[in-house]
Amino acid sequence: GLIFYDTKVTVMNRVLNATVQRTADHAAPEITLDPLEIVGGEIRSSENSYFCQAARQLGCVPSSQLCVKLASGGDPTYAFNIRFTGEEVHGTSGSFRHFLWQVCKELQSSSLSLLLLCPSSAVNKNKGKYILTPSPITYAEEQLFHFFGQLLGIAIRADVPLPLDLLPSFWKTLVGEPLDPDVDLQEADILTYNYIKKFENISDETELEALCAEIASQHLATESPDCPNKPCCKFTYPSLTGEEVELCPRGRHIPVGWENKDVYAAAIRSLRMRELQTPECMTAVRAGLGSIIPLQLLTTLTPLEMELRTCGLPYINLEFLKAHTMYQVGLMETDQHIEFFWSALEMFTQEELCKFIKFACNQERIPFTCPCKDGGPDTAHVPPYPMKIAPPDGAAGT
């Protein structure tokens, strides 16, 4: 926390340029995607998604081939080139950015099961935020998590922010920071958090009975074996993916009583914290990320800074965009139609601005910061998304 974010980014950018492994005399790996496989907006099976198509093809490419210098200028170098079957695309930039945008959409949809909508969004807290799906993973899923990690690194080298909405607990675990059993649980699953608090705050046995009766009415409890009509809870709880989990050996047969209610609450909390950390999935993600950027870089970044560097800000800073727009062939910022253009954009809502950026630059977000703005030694780094405004082709006219 003692180092400014811009300083960290400058150091990070230098390290990225010093760890390049694919030099100019190597051709970029190329993958071919078939847009018809995801036609109609509904991906029929996850294997057809761009994410899985790319993971299959890049699985055979050594990761050193994807470690390129930081993208800059009008014709940046990207980790790989993309061809779309049956579509002619000029240059490599547009298709690469479109691919990253589409993949983020797939990751945050029901077609891939790598990310899970956090339970809190059901009650309008952290709406639309995701966490890694916590479950034992197969070898094939491990490969997909590894590729997900590689994509995070590829986006950092490409300086293209990913439109991913992940909970802070994901970024904390990624940079190796411990989770807070109160704050992070509340962010991810406020219903479970409140449920635990109820058990922790009970002051006598009649309250416990009333709570068990309330839970029984929500079908979470069963009847007590001693008194058949008295409802009680057992040492089980639903996991984030919805399966009933035993909180201890033979948990299904152990009723929750006055003497063990705190043990029960603590067991639920540790189940959720384990699920939020998802060690197997996170190990695969970190391994993928580490194959593209040196993981030592993460030790300087806070979780929020890592998120900003990877995903940018979910809103568009018009001044920043203005400062990085290039005018071609005799156009000036003071031309009347250019001034009209900017004042029109100033009237846009954030949602409309994101759509405009997607239309103009084929990505929804613009990078958050850029060392070139201070005229420092890295001034040569022009972010790889300058918007170009050019005069019309063809005959002169109004």
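I began with S111, which is buried at a relative accessible area of 17%; buried here means under 20%, exposed over 50% and partly exposed in between, with a 1.4 Å probe and protein chains only.

This is a predicted model, where local features need pLDDT of at least 70, side-chain atom pairs count only at pLDDT 80 or more, and totals for chains, interfaces and linings use all residues. Residues are numbered from 1 along each chain as its sequence is written, and side-chain values use heavy atoms, leaving out hydrogens and water.

Where does S111 lie? I found S111 in the loop between α3 (93–107) and β3 (115–117). Helices (H or I, at least four residues) and strands (E, at least two) are DSSP runs, numbered from the N terminus. The side chain of S111 makes a polar contact of 2.8 Å with that of S109 (N or O atoms within 3.5 Å, one able to donate a hydrogen and the other to accept it; neighbours in sequence count only if both atoms are side-chain atoms).

Next I turned to α11, residues 303–311. Eight of its nine residues are buried, so the rest of the structure largely encloses this helix. Among the buried ones I noted P303, M306, L308 and C311. Which helices do they pack against? I listed α1 (5–18), α4 (139–158), α5 (168–175) and α10 (279–290). After α11 comes G312, with a positive phi near 60°.

Last, I looked at the whole protein: 14 helices and ten strands, with 47% of the 398 residues buried. Of the contacts (heavy atoms within 4.5 Å) with a separation of 6 or more, 67% join residues 24 or more positions apart.
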